[in-house]
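Q: Hi, I'm new to this one. Could you walk me through it?

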Amino acid sequence: MIRHVLSLFFLVLVACGSETNLPPDGSTSRPPIWNEPAFANTFHEDVAEVNGVSLHYVMGGQGEPVVLLHGFPETWYQWRHVMAKLAEHHTVIVPDLRGL
């Protein structure tokens, strides 16, 4: 029984989350959110070298820092709808976690 519940859970998790990993057209280019001036003027993306590992992140805003961490199988793009509002009063830091 538990095995079936876990299988169903992971199936739903993948089905619900997979659409947000890439831009709607399925390309690996920059997501369309970067075409919105309000977003592009507030945020920037970069890569940090940490202990020999390259970590991509998006950051913007000013104020107390807020770190948004995505779950599996997501990327920073999962947070795109709340980032601008949070950036009004906070420095928003959204890393892509290793393995994705």
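Q: Which residues make the nonpolar surface patch?
A: Val67, Leu69 and Leu97 make that patch, which covers about 250 Å². Patch members need over 30% relative accessible area and no salt bridge; like charges are joined within 9 Å, and nonpolar side chains (Val, Leu, Ile, Met, Phe, Trp, Tyr) within 5 Å. Areas come from the Shrake-Rupley method with a 1.4 Å probe, and for residues only the protein chains shown count as cover.

Q: Before we go on, what kind of model is this?
A: This is a predicted model: local features need pLDDT of at least 70, side-chain atom pairs count only at pLDDT 80 or more, and totals for chains, interfaces and linings use all residues. Residues are numbered from 1 along each chain as its sequence is written, and side-chain values use heavy atoms, with hydrogens and water left out.

Q: Thanks! Back to Leu97: where does it lie?
A: Leu97 is in the segment after strand 4 (90-95). Helices (H or I, at least four residues) and strands (E, at least two) are DSSP runs, numbered from the N terminus. Leu97 is partly exposed, with a relative accessible area of 33%; buried means under 20%, exposed over 50%, and partly exposed in between (1.4 Å probe, protein chains only).

Q: And Phe72, how far is it from Leu97?
A: Their C-alpha atoms are separated by 9.2 Å, while the two residues are 25 apart along the chain. Phe72 sits in the loop between strand 3 (64-67) and helix 3 (80-87), and Phe72 is exposed at 55% relative accessible area.

Q: Is Asp96 buried or exposed?
A: Asp96 is buried, yet has no salt bridge. A salt bridge is a side-chain nitrogen of Lys or Arg within 4 Å of a carboxyl oxygen of Asp or Glu. The nearest side chain of opposite charge, Arg80, is 11 Å away; Lys and Arg count as positive and Asp and Glu as negative, with His and the chain ends not counted.

Q: What does the side chain of Asp96 make a polar contact with?
A: The side chain of His56, at 2.8 Å. The Asp96 side chain also reaches the backbone nitrogen of Trp76 at 2.7 Å. A polar contact is a pair of N or O atoms within 3.5 Å; within protein, one must be able to donate a hydrogen and the other to accept it, and residues adjacent in sequence count only if both atoms are side-chain atoms.

Q: Which residues does Asp96 touch?
A: Leaving out residues up to four places away in sequence, Asp96 touches Leu55, His56, His70, Thr75 and Trp76. Contact means heavy atoms within 4.5 Å.

Q: How many salt bridges does the whole structure have?
A: The search finds one. Glu88 and Lys85 meet there through their side chains (3.4 Å, N to O). Glu88 is partly exposed at 48% relative accessibility, whereas Lys85 is exposed at 57%.

Q: New topic: what does Glu64 touch?
A: Not counting residues up to four places away in sequence, Glu64 touches His89, His90 and Thr91. Glu64 lies in strand 3 and is exposed, with a relative accessible area of 60%.

Q: Last one: what pattern does the protein chain follow?
A: Along the sequence, the pattern is α-α-β-β-β-α-β, which comes to three helices and four strands. Of the chain's 100 residues, 27% count as buried.
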